[in-house]
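This report covers aromatic ring pairs and a pocket. Keep the structure in view while reading.

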Amino acid sequence: NGKAERFNRTMINEWAYAQAYRTNDERLAALPAWLEHYNTTRPHTGIGNRPPIDRANNLTGNNS
């Protein structure tokens, strides 16, 4: 639960309420770009200030 709660807090602070959106649809439209940033470029202190994509293995599902 702790990791999910931390992600939720980060998402609230850095995406949902980081700026003023005129509508909820506008906020939702910004989510894919934020998730891309979160997973591919944003440093995460728990993994040595690297983005999670650096830790992902076998994303294509090839096991050979």
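How many aromatic pairs does the structure hold? In this predicted model, the count is 3. Two of them are set out below.

| Pair | Centre to centre | Angle between planes | Class |
|---|---|---|---|
| Phe 7 and Trp 34 | 6.0 Å | 45° | tilted |
| Trp 34 and Tyr 38 | 5.1 Å | 35° | tilted |

Start with Phe 7 and Trp 34, a tilted pair. Phe 7 sits in helix H1, residues 2-16, and Trp 34 in helix H2, residues 24-40, so their pairing ties together parts 27 residues apart in sequence. Phe 7 has 25% relative accessibility, so it counts as partly exposed. Trp 34 has 8%, so it counts as buried; the cut-off for buried is under 20%.

Now take Trp 34 and Tyr 38. Their planes are at 35°, so this pair is tilted. Both residues belong to helix H2 and lie 4 residues apart, about one turn of the helix. Ring pairs join Phe 7, Trp 34 and Tyr 38 into a cluster.

Next, the pocket. Which residues line the largest pocket? The lining consists of Lys 3, Arg 6, Phe 7, Thr 10, Tyr 38, Arg 42, Pro 43, His 44, Thr 45 and Gly 46. Two names from the ring cluster, Phe 7 and Tyr 38, are included. The space in this largest pocket is about 310 Å³. Helix H1 gives the most to the lining, with 4 residues. By class, the lining has 3 nonpolar, 4 polar and 3 charged residues.

Methods: Residues are numbered from 1 along each chain as its sequence is written. This is a predicted model: local features need pLDDT of at least 70, side-chain atom pairs count only at pLDDT 80 or more; totals for chains, interfaces and linings use all residues. Side-chain values use heavy atoms; hydrogens and water are left out. Rings of Phe, Tyr and Trp (its six-membered ring) pair if their centres lie within 6.5 Å; planes under 30 degrees apart count as stacked, over 60 as edge-to-face and the rest as tilted. Helices (H or I, at least four residues) and strands (E, at least two) are DSSP runs, numbered from the N terminus. Buried means under 20% relative accessible area, exposed over 50%, partly exposed in between (1.4 Å probe, protein chains only). On a 1 Å grid over the protein atoms alone, a cavity is a set of points where a 1.4 Å probe fits but cannot get out, and a pocket is an open set with protein on both sides within 12 Å along at least five of seven lines; lining residues have an atom within 4 Å of a point. Grid points are joined across faces, edges and corners, and a volume is the space filled by probe spheres set on the points. Ala, Val, Leu, Ile, Met, Phe, Trp, Tyr, Cys and Pro count as nonpolar, Asp, Glu, Lys and Arg as charged, and the others, Gly among them, as polar.
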